[in-house]
Amino acid sequence: MSASDYLSVALLITGAVFFLAGTVGLLRFPDLYTRLHALTKADNVGLGLMIAGLALQAESWAVVGKLLLIWGLVLLAGAGVAHLIASGALKQGVRPWKK
Amino acid sequence: MVPSSEIPWGALLILLPLAAAILCFVWPKLAVVTGVVTMLLLTLAVGGFAWQLQREGLYQHAVGGWETPLGIGLYGDGLSLLMLAMTVLVGLAITLYARSYFNQKQARVFWPLWLLLLAALNALFLSADIFNLYITLEMVGLAAVALVALKGGRDALNGAMRYLLATLLGSLTYLLGVALLYHSYGTVDLVLLAERIDNSPVVWAALGLMGAGLLLKTALFPLHFWLPAAHASAPAPISALLSALLVKASFYIFLRLWLVLFAPLGGDVALLLGLLGAVAILWGSWQALRQTRLKLLVAYSTVAQIGYLFVAFPLAAAAGAMLWNGVSYLMLSHALAKAAMFLAAGNLLLFGGHDRIAELDRAVQRLPISTAAFALAGVSIMGVPPSGGFIGKWLLLEAAIEQGYWLLAAVMVVGGLLASAYIFKVVGYAFTRSTATPEPQSIPMGMEWAALLLAIASILLGFTAPWVFALLGIGDPFGGGAP
Amino acid sequence: MNTALLYSLVGIGLFSLGLYALIVHAHLLRKILAINVMGSGVFLLLIALAKRTATPLPDAVPHAMVITGIVVTVAATALALTLMVRVAMENHRAELSDQSQE
Amino acid sequence: MEKVTLLIMLFDLLLGLGLLWLAWQLLESRNLFKAVVLFVAFGLLMALAWVRLDAPDVALAEAAIGAGLTGALLMAALAKLPSRDKSEPLADEKGHWLLRLALLLVAAGLGYVVHSLPESAPGLSAEIANNLASSGVNNPVTAVLLNFRGYDTLLELMVLMLALLGVWSLGIERSTREEPVGPVLTTLVQFLTPLLILVAAYLLWAGADAPGGAFQAGAVLAAAMVLLLLAGWPLQGLLTGVALRLMLVAGPATFVALAGLTLLDAQLLAYPPQHAGKLILLLEVAATLSIAVTLAALFLGYRPRTNKEPG
């Protein structure tokens, strides 16, 4: 295994840790808003790390471009949808959690 | 000018209504004209197709020029021809009836749906590809559901929903059987399947799945639960085509599969089908007798008459092709008679504003043509000579007695008696004066004559048997070998 | 246990689960979901068994069939959902009613 | 190598169990909204299964149609139901042990049947490979859909038209949403729509040689239109009357016309091999347009009409 392979593995594992954290947050956080926070944050960073890890293994720049496009789209969709869900919930009167 | 023997009538039977459906979908103003003209052209095409079959025998066409198993095969023999002719005959009457029946808004939806349904039925009767048959089945089912719900109203919407769920369940179950057959024998073509089939667990599973799916669509007892609601609540011309054509379409596929694939291994299954058929006759007739609403009575009568078609299965092994001729004849005459009955019932319903049997109120005098249509069609349903229904039932009865199936024979006779009872019940009330007489509505002539002509045709069938049997023999559909 | 067998068994499982839910549940949306799950089961069986070719390329005919099936299913689902909304308006609940209105 | 296969098998097993678990959850969920959300998740897992089974074309169709559009249709229908209908106690299931037993037996029987199939079967892959060169395209799935079994596809387009006719006759027009949708959704849609159109064009073009084709492209295009509708764009006001109907029938009409023309040569839907590629592309373009508009119209749920048009 070359240096770039090790780097890939490290990036992928770190990405997976973020996904795991996000999932735990989704399951364990107290209300909708905090869960959304956990989910989108972990997804965006985790996916970014995974994309970086995969990009190192890519055979051509075209593939790297596609991977980056996927990340960009997920960022956009995740942020947009999270906003819509949160604002929808606020409108319906779902109160944010207070300790 | 292309000589008429070279005109591809078979393919035209499918393409013509498709093109017409597109036309009247885009320009609804042309809908009625397009519908009527297409129906006439289809009649011509079935004539041409019959002539072609008689001259050249079996019709086989590799769609796209790709031979099976890669491509889809069109296939037409005497049985296909009978089904096509049945569709056209009933279709003509329904077209005539529907011209006056629907208002402008409904017509805009009715005509494209009706033409698509005709295309789907023709495609179904000409297909020898079990996956292609799945698509035609779905087309037929979805078109029928949309038609049942066309006029709205609580009963019709409930009936349509129940029908939709039943038809989707039937198609999916059928498709699972198709999947198993394909993955076992590497083809979905019926002719090739007939050559390759053997006695394996796959065939039994396919028989169970495809059989259950198709029998659900055919509404064989006890899978008939959806039929009375849908058939009784639909607009009259739709009820007619549901009972006359749609249940026959799925029965046709079942019969084909049975003849080509499953008959050699299904002795016990045949007996089971016969018993279910017998129960269907008794149960359906009894329920029909108990109904107080005319359209429900006619719908339960369909449940009973479907039973007769299945009584043939245990008799077939010994009786051979003549018995299947009888079954085909029964299908044809039931289609004409039942369509006539539903159209007549629709007229009575429209005339009096209700279809309560006890309040038919001298319909004989006030609506004589429709009442006559109902009674004549009833003669064929009862199986009294010289009607078409008599020929079919006589052939069945004869085979049952010859082979010593006394129970089946007795059930058939009792079914006939019960049918007479429920028909006479209606006719009796049509002579009686009732207390409540709502303001009658006028019925357009076309709607009355559509019913009467069908009823007369169902009686005349009693005289055409030898000729029809000769046509049925083309391509030897009941030979038991490859189709 | 190979891949084709595993996924076709899952397909049969989905078909049976869907059939059970279709029979048992009264709510029409559940029935429509059940039909969709059944359909997925049939499609899974079709595709899984197409993988049994000796070559890495699977048999493409079932793939085309399933694409056709998916489109047919979405069309049927759309019709069923529209009908369900109308039935719910008439019955005041999204379930089939047994009583006929006089 | 051994470890990798073991891992993949474990993945397949987890995916299979996940599908069954999700199906059970979505069918038995009390809350219908939850059921619909789970159904979308189920569709995405199905797409993953298609990828595992080397069926990328099906995966694309499933993700776009099975999960995406069906999900949108389900959500839209759910919103139209009376609110007390949305979360109901499930039926009493104590009496269903007999049914469960029967279905278990059926499933076991079917499992046995599938198990009894030979482990290796070529299907029709050899026939496809032999005829692919004269089909006009290089993607075997597209070749089957539009050439070898093109007749199926013709009828299938008719099924879409049928469903739309049914929906138009049954659907009830609803007033468009009153509240503004807000800047985030508007921006998102403005950014995504051109991208989706680009993706659809790519899928359509690539379908000849790689996974993709008319159905996937049409579904993606339909998704773009659904997004626009959701964001409050008055598509239903812009696209009405004959123009709309012509777009809806473009695919079926082209197909039927081609069928008619080929019939003049006495062979239904047989394309001359030298033109097959071009004809298939033409069919696919027309079909993509029709599929997209039909699916979007199915989502809209009623017949859009101009003010002049009669009801």
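This is a predicted model: local features need pLDDT of at least 70, side-chain atom pairs count only at pLDDT 80 or more; totals for chains, interfaces and linings use all residues.
Two residues are taken to be in contact if their C-beta atoms, placed from the backbone, lie within 7 Å. With that in hand, chain A and chain C do not touch, and their nearest C-alpha atoms sit 22 Å apart. Chain A and chain B do not touch either, with 33 Å between their nearest C-alpha atoms.

Now to chain B, taken on its own. Chain B is built with 19 helices and two strands. Its radius of gyration comes out at 21 Å, close to the 23 Å that the globule rule gives for 483 residues, so chain B is as compact as a globular protein of that length. Of the 483 residues in chain B, 68% count as buried. As for how the chain folds back on itself, take the contacts in chain B between residues at least 6 apart in sequence: 80% of them join residues at least 24 apart.

Chain B splits into domain 1 (1-264) and domain 2 (266-483), and the C-alpha centres of these two domains of chain B lie 21 Å apart. Where they meet, domain 1 of chain B supplies 50 residues and domain 2 of chain B supplies 46 residues. On the domain 1 side, the elements of chain B that give two or more residues are α2 (31-56), α3 (78-101), α7 (190-196), α8 (201-218), α9 (227-233) and α10 (236-262). The top contributor to that side is α10(B), which gives 14 residues. By class, the side of domain 1 of chain B that touches domain 2 has 36 nonpolar, nine polar and five charged residues.

Chain D is also divided, into domain 1 (1-80) and domain 2 (138-311). Here the C-alpha centres of the two domains of chain D are 24 Å apart. The contact between them uses eleven residues from domain 1 of chain D and 15 residues from domain 2 of chain D. The domain 1 side of this contact in chain D has nine nonpolar, one polar and one charged residues.

Helix α6 (residues 140-148) of chain D is mostly covered, with nine of its nine residues buried. The buried residues of α6(D) are P140(D), V141(D), T142(D), A143(D), V144(D), L145(D), L146(D), N147(D) and F148(D). As for what does the covering, the elements over the buried residues of α6(D) include α3 of chain C, along with α3 (56-80), α5 (125-131), α7 (150-170) and α12 (273-300) of chain D.

Note on methods: Residues are numbered from 1 along each chain as its sequence is written. Chains are lettered from A and ligands numbered from 1 in the order in which they are written. Helices (H or I, at least four residues) and strands (E, at least two) are DSSP runs, numbered from the N terminus. The radius of gyration is taken over C-alpha atoms; the globule rule is 2.2 Å times the number of residues to the power 0.38. A residue is buried if 20 or more other C-beta atoms lie within 10 Å of its own, exposed if 12 or fewer, and partly exposed in between; C-beta atoms are placed from the backbone. Domain bounds come from an automatic or database domain assignment. Ala, Val, Leu, Ile, Met, Phe, Trp, Tyr, Cys and Pro count as nonpolar, Asp, Glu, Lys and Arg as charged, and the others, Gly among them, as polar.
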